[in-house]
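Work through each task before reading its solution.

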Amino acid sequence: ALQLCGTAGIDVLVNNGGVSSRSTFIDTKLEVDARIMQINFLAGAALAKAVVPIMIAKQQQNTNNGSGGDGGGGSIIWISSVQGLIGIPGRTSYAASKFAVQGYCESLRAELASS
């Protein structure tokens with residue numbers, strides 16, 4: 001996607017990939033926990049890390065040359081789940097991945113608020 005957009009950049013990143021998991025903590029293998037975290041959290045984090053620097057550069061360029069209205073460089077929308085706010089039995093891996101998304105997004109939003 002980055003190669004296709006070239007110097008135009010990316011205006012919106014929508015992280016909507018994910019997989020579910022329903023099994024008890026005792027019955028869930030660590031490999032399943034790792035796979036759920038990789039797909040539901042780390043993949044989106046990798047995309048954000050690739051795109052945010054481009055969005056910041058675009059915002060700085062827009063601010064410096066007076067174009068772009070509010071000077072915004074882009075938006076990140078990350079689809080999560082209510083499981084990122086509350087955990088329930090049988091959803092340990094899934095809830096952990098969605099709590100990770102929630103915390104990451106809250107911290108990222110605070111860091112980028114002044115950008």
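**Exercise 1.** Determine whether Val-12 is buried, partly exposed or exposed.

*Solution.* Val-12 has a relative accessibility of 46%. Buried means under 20% relative accessible area, exposed over 50%, and partly exposed in between (1.4 Å probe, protein chains only). Val-12 therefore counts as partly exposed. Val-12 belongs to strand β1, residues 12–15 (strands are DSSP runs of E with at least two residues, helices runs of H or I with at least four, numbered from the N terminus).

The model is predicted: local features need pLDDT of at least 70, side-chain atom pairs count only at pLDDT 80 or more, and totals for chains, interfaces and linings use all residues. Residues are numbered from 1 along each chain as its sequence is written, and side-chain values use heavy atoms, with hydrogens and water left out.

**Exercise 2.** Describe the surroundings of Thr-28.

*Solution.* First, locate the residue: Thr-28 sits in the loop between β1 and α2 (30–65). Then list its partners: beyond neighbours within four places in sequence, Thr-28 contacts Ser-23, Asp-33 and Ser-93 (contact means heavy atoms within 4.5 Å). Finally, the side chains of Thr-28 and Ser-23 form a polar contact of 2.4 Å, a term for a pair of N or O atoms within 3.5 Å; within protein, one must be able to donate a hydrogen and the other to accept it, and residues adjacent in sequence count only if both atoms are side-chain atoms.

**Exercise 3.** State the order of elements in the protein chain.

*Solution.* The chain has 3 helices and 2 strands, running α-β-α-β-α from the N terminus.
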